[in-house]
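Thank you all for coming; I would like to walk you through one protein chain, starting from a single residue and then stepping back to the whole. Please have a look at the sequence and the model before I go on.

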Amino acid sequence: VQLQASGGGLVQAGGSLRLSCAASGRTFRSYDMGWFRQAPGKEREFVAAISWSGGSTYYADSVKGRFTISRDNAKNTVYLQMNSLKPEDTAVYYCATDHDIATIPREYNFWGQGTQVTVSS
């Protein structure tokens with residue numbers, strides 16, 4: 001599976017961005033998907049995950065109520081809608097996929113290249 005993340009950029013605090021992750025290769029709809037982020041000097045951390053059917057979603061406490069993960073299996077794409085952004089959301093955001101949904105980076109074998117999100121105060 002190949003993943004291509006996009007949609008990052010510079011936004012003011014309180015603003016919104018929508019990240020996209022387009023998948024190609026094997027059967028996308030059978031894979032669970034996750035979003036992670038990594039700020040400079042920090043470890044990669046879990047943001048959100050969604051099951052292959054879209055029926056189950058999981059969020060880090062720090063983004064609950066502000067971020068929404070969704071997927072369109074017909075388009076082989078997963079999205080991360082980010083609202084009410086804060087400066088502490090600044091990081092490189094990565095999408096990842098594998099057969100089992102997880103909140104730990106090492107559980108995912110396939111990763112996108114990352115997209116930079118910068119939130120100014």
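Predicted model: local features only at pLDDT ≥ 70, side-chain atom pairs only at ≥ 80, totals over all residues.

**One threonine and its chain**

Let me begin with T97, which has a relative accessibility of 1% and therefore counts as buried, where buried means under 20% relative accessible area, with a 1.4 Å probe and protein chains only. Residues are numbered from 1 along each chain as its sequence is written, and side-chain values use heavy atoms, with hydrogens and water left out.

T97 belongs to strand β9, which covers residues 91-98; a strand here is a DSSP run of E with at least two residues, numbered from the N terminus. If we leave aside residues up to four places away in sequence, T97 touches V1, L3, Y31, D32, M33, Y108, N109 and F110, a contact being heavy atoms within 4.5 Å.

Now to the whole chain, which has 11 strands and zero helices, a helix being a DSSP run of H or I with at least four residues. Of its 121 residues, 43% are buried. Among contacts between residues at least 6 apart in sequence, 57% join residues at least 24 apart. Finally, the C-alpha atoms fill a box of roughly 40 × 25 × 25 Å, taken along the principal axes.

Terms used. Buried < 20%, exposed > 50% of the residue type's maximum accessible area, 1.4 Å probe, protein only.
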